[in-house]
2 protein chains.
Amino acid sequence: MAMSNSVEIPFSTTLLVRDTCLCLHAQRAARALARLFDDALRPAGLTNGQFSLMMSLNRPEPPPMGPVATLLAMDQTTLTAALKPLQRKGWVSVIENPKDRRGRLLVLTGEGKTVLARALPIWKETHAALDDRLPDGGATRLRQDLQAVSEMSGEASKPAARRAGRVTARVMAE
Amino acid sequence: MAMSNSVEIPFSTTLLVRDTCLCLHAQRAARALARLFDDALRPAGLTNGQFSLMMSLNRPEPPPMGPVATLLAMDQTTLTAALKPLQRKGWVSVIENPKDRRGRLLVLTGEGKTVLARALPIWKETHAALDDRLPDGGATRLRQDLQAVSEMSGEASKPAARRAGRVTARVMAE
DNA sequence: ACTAGAAAGATTGATATCAATATAAAATGG
DNA sequence: CCATTTTATATTGATATCAATCTTTCTAGT
């Protein structure tokens, strides 16, 4: 009798994973929304990620990189990479932190602010349209649920924490 | 009087965008969940995306690429790229479609099935743990909301449709 | 059958993402 | 104050993501 080499997973399992996996659902929604906003923001010269990043730099005091990476729930090395094109375009400057010479401060330039200001109404329109198409209160609920998931699967696996074996601080307090 | 070159966006607007943008929330949750599942699946040699992709290939009949890309809500060119490492590892074969010589069929190899079968219990555990940490019914609700968003912002902006100016067919009917 | 258009994928180039690792500076414990 | 550890960030290498574009093959209309 022949060696049964390949392990069969029932098709029903495939359907189960397809229908229930929160990770898959999140990746799909994230791709779809990214495309939606990328398309909308294209005339402004920004992607959804660049918009979010630059918007998060619009603060009274220029923030260091770590907190921004945490805010965006991205790896610090991803942030370093994401800043490169924005620096090239002159929209963000990365300066040395005088208080801590290991660190950098992220500064939105005047030109960066202009680009961001042009993108803002597009974001508003796009987001309002999206909001309208969701059932009443759907957006708020979804936001809360996403927040919960980010924090939950984030606490233990926040990029910074994973390297250091511990959890890091709060970010962008109002 | 000096030229007022830079456009100021109030900090309150930044906080508004940070707190309400569904796209940002989705990207963050997607990154956090991706890390969670990537970490869990690492011993099995798979990333969350590779797991989802390979699982979606576990069907009675090997599917063509288009429907798989649609199912995963990713661009067709992304799928082409994502298949490369899986082909190299011998877990997926890309064969010519005898019915349509433009097309390809994606086949999970025996070795691919074995890898996937080893990853399955990890997925189950990880997903169950995640489920437990969400409030009652939270997972189901979130799934439905994510689904709605994917379909909504997907219909008009499905990768295939964006190129062709129209919307494509249903996928992976049970 | 022919031809124009549509559809399926592949390729290229730019950016995004993270793991592993490296470097430099600050903090901490003697 | 010095040695160790920790923290902040950068670099490299692999994969993921999409826009723009190209080739091949199929389909429709004639």
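Q: This is a predicted model. What makes A:P64, A:G66, A:T77, A:G103 and B:A81 count as near DNA strand D?
A: A residue is near a strand if its C-beta atom, placed from the backbone, lies within 6 Å of it. In total, 33 residues surround DNA strand D, and those five are the closest.

Q: Which elements give two or more residues to the surface near DNA strand D?
A: Chain A brings α2 (22–41), α4 (65–71) and α5; chain B brings α3 (48–56), α5 and α8. The largest share, 6 residues, comes from α2(A).

Q: How many residues of the surface near DNA strand D are nonpolar, polar and charged?
A: There are 10 nonpolar, 11 polar and 12 charged residues. Gly counts as polar.

Q: Which residues are closest to DNA strand C?
A: They are A:A81, B:P64, B:G66, B:T77 and B:G103, among 35 residues that surround DNA strand C.

Q: Which element gives the most to the surface near DNA strand C?
A: α2(B) does, with 6 residues. By class, this surface has 11 nonpolar, 11 polar and 13 charged residues.

Q: Why are residues of chain A and chain B said to be in contact?
A: Two residues are in contact if their C-beta atoms lie within 7 Å. The contact takes 67 residues from chain A and 67 residues from chain B.

Q: Which elements supply at least two residues of the side of chain A that touches chain B?
A: They are α1 (11–20), α2, α3, α6 (110–133) and α7 (138–155) of chain A. The largest share, 17 residues, comes from α2(A). This side has 34 nonpolar, 20 polar and 13 charged residues.

Methods:
Residues numbered from 1 in each chain as written. Chains lettered and ligands numbered in written order. Predicted model: local features only at pLDDT ≥ 70, side-chain atom pairs only at ≥ 80, totals over all residues. Helix = DSSP H or I, 4+ residues; strand = E, 2+ residues; numbered from the N terminus.
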